[in-house]
Amino acid sequence: MAGTGGYRSRKLTRIVDTLHFAPSHASRLVQAVDLVTFLFQRLEIPGTDPHAAAVNEQLWALVEPRRYHSHRWNPMTHPH
């Protein structure tokens, strides 16, 4: 198993391999992820309202500089 890298590298020993669902009202971080995911989806599949599209682009301009990477998993394109 590889370490985390960096100055104080260490092995990750407490990784949970199960998805956990939580109500977004219970966590600000879950709310933030919900918002960014919603916005990312709206940019991938835009609607027909040009005003909404412009607002989405403005919001994404605030989020995008803090994005490390994006990956959209589509279960229909991956074999089981």
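**View 1. S27 caps the N-terminal end of helix α1.** A side-chain oxygen of S27 lies 3.2 Å from the backbone nitrogen of L29. This is a polar contact, meaning a pair of N or O atoms within 3.5 Å; within protein, one must be able to donate a hydrogen and the other to accept it, and residues adjacent in sequence count only if both atoms are side-chain atoms. The model is predicted, so local features need pLDDT of at least 70 and side-chain atom pairs pLDDT 80 or more, while totals for chains, interfaces and linings use all residues. Residues are numbered from 1 along each chain as its sequence is written, and side-chain values use heavy atoms, with hydrogens and water left out.

**View 2. Helix α1 runs over residues 28-44.** How far apart are the end C-alpha atoms of α1? They are 24 Å apart, in agreement with the 24 Å that 17 residues should span at 1.5 Å a residue. The expected span is 1.5 Å times one less than the number of residues.

**View 3. H25 sits in the segment before α1.** Is H25 buried or exposed? H25 is exposed, because its relative accessible area is 66%; exposed means over 50%, buried under 20% and partly exposed in between (1.4 Å probe, protein chains only). From H25 to E57 there are 32 residues in sequence and 25 Å in space, C-alpha to C-alpha.

**View 4. V55, L59 and L62 make a nonpolar surface patch.** The patch covers about 250 Å², an area from the Shrake-Rupley method with a 1.4 Å probe, where for residues only the protein chains shown count as cover. Patches are made of residues with over 30% relative accessible area and no salt bridge; like charges are joined within 9 Å, and nonpolar side chains (Val, Leu, Ile, Met, Phe, Trp, Tyr) within 5 Å. V55 belongs to helix α2, residues 50-63, and is partly exposed at 31%.

**View 5. E64 and R67 meet in a salt bridge.** Their side chains come to 2.8 Å, N to O. A salt bridge is a side-chain nitrogen of Lys or Arg within 4 Å of a carboxyl oxygen of Asp or Glu. A search of the whole structure finds 1. E64 is partly exposed at 32%, and R67 is partly exposed at 35%.

How values were computed. Helices (H or I, at least four residues) and strands (E, at least two) are DSSP runs, numbered from the N terminus.
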